[in-house]
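Reader: Could you take me through a close look at a single part of this model, and then show me how the rest connects to it? I'd like the cut-offs spelled out as we go.

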Amino acid sequence: MLCEFSKRFPKQVEAILDRGQILKRSFREETITDLLMSNLITLGGKNVIVEFPDEPITGADMEWNFVNIDDSTFFQILIQAKRAYCMSTPWQNHYYKELFHKPASSKEYQASTICNVATSRTACFPLYAFYNPKRTCDLARGDGVFSVEGVTLTSGYKINGLVTAASASSGTTLKRKNKRVKTISPFMQPLSSLFCPQNIYDLGPHMYAPVDSGVLVYVGGGKIGHPIPPSPKQIRHRLLSFANENADSETLQSIPDVSSKIPDYVQALIEKAQSERMEGLSKLNKFRVTFISMNPPSIEEIISRTKDMR
């Protein structure tokens, strides 16, 4: 489900962005983000809640909330999306044109804002999602660089460091360098690094219940059960893992602990979704996604279910 999607979607993004160049239409971050959200709605079922903004926005910002309803743990990721633009030069010079974006209403760079907001919140971490055309990815792979895919993730703190260093420089050389794909590629991780391996809520003997029992049966990896999103603790562990892989000690130290309390606005959203009433949601300035996980049943719970079915 989510794992399979996270492996398939980047390839689709590569093709879409390349096709846009052939059609002489520059698909921006908003287009890819819309597609990403639409897929999450289709795949997530009751375990993924997607809120769309009620008014036109940039579409680049996303808020992903990971919740475990059994132990009330919570972890949040703020995501800023940027797309790469190709040039006639080698892939190393392909670049993220809007990486140094500073909103007209703000005195600070977007990268600084997202990091400051994440730091001010409990159990929150900033990420950048980079959308890369197939041409860029193919050229990078041809040079033995396999971190550049259609959708990649990078620590927001790492990007803010690049933006801050370049903006403090008196010349333009560092600014050009720090927005290039080559500069950022060593810190990129695939989308699948968050969603794989797929969690399966093991149904155990309950799998033998009648088909009309409402149980969604999923077969994969030798397990039969209900696919669920990663838990807050798993998400934090996966962020720690790819910070370790990138030897990124600064990011490693900035990954916060999981919260033991679900924020009230997220809890309210879950309750509304469970009652199938989504009216009255406040207007948003970003897409909000809530991923709901749960603890797998214990052996005692599975035995009890089996007895109840007799």
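Author: Ser259 sits in the loop between α10 (249-254) and α11 (264-274); helices here are DSSP runs of H or I with at least four residues, strands are runs of E with at least two, and both are numbered from the N terminus. This is a predicted model, in which local features need pLDDT of at least 70 and side-chain atom pairs count only at pLDDT 80 or more, while totals for chains, interfaces and linings use all residues. Residues are numbered from 1 along each chain as its sequence is written, and side-chain values use heavy atoms, leaving out hydrogens and water.

Is Ser259 buried or exposed? Its relative accessible area is 11%, so Ser259 is buried (buried means under 20% relative accessible area, exposed over 50%, partly exposed in between, with a 1.4 Å probe and protein chains only). Its side chain reaches the backbone oxygen of Lys261 at 3.0 Å. That is a polar contact: a pair of N or O atoms within 3.5 Å, where within protein one must be able to donate a hydrogen and the other to accept it, and residues adjacent in sequence count only if both atoms are side-chain atoms.

Setting aside residues up to four places away in sequence, Ser259 touches Ser72, Thr73, Phe74, Thr122 and Ala123 (contact means heavy atoms within 4.5 Å). Cys124 is 135 residues from Ser259 along the chain, yet their C-alpha atoms are separated by 9.1 Å.

Most residues other than glycine have a negative phi. Ser72, in the loop between β2 (61-68) and β3, has a positive phi near 65°. Ala123, in the loop between α3 and β4, also has a positive phi, near 50°. Ser72 counts as partly exposed because its relative accessibility is 31%, whereas Ala123, at 3%, counts as buried.

A nonpolar core is a set of buried Ala, Val, Leu, Ile, Met, Phe, Trp, Tyr and Cys residues joined through side-chain atoms within 4.5 Å. The largest has 63 residues, of which Trp64, Ile77, Tyr131 and Leu239 touch the most other members. Strand β4 (residues 124-131) gives the most to this core, with seven residues. Apart from it lies another core of eight residues, among them Phe74, Val266, Leu269 and Ile292.

Now back to α3 (residues 110-120), whose buried residues are Gln110, Ala111, Ser112, Ile114, Cys115 and Ala118. They pack against β3, β4 and α5 (156-168). One link is polar: the side chains of Gln110 and Gln80 are joined by a contact of 3.4 Å. Gln80 lies in strand β3 (residues 73-83) and, at 2% relative accessibility, counts as buried.

Phe242 is found in helix α9, and its relative accessibility of 4% is why Phe242 counts as buried. Phe242 and Pro190 are 52 residues apart in sequence, with their C-alpha atoms 9.7 Å apart in space.
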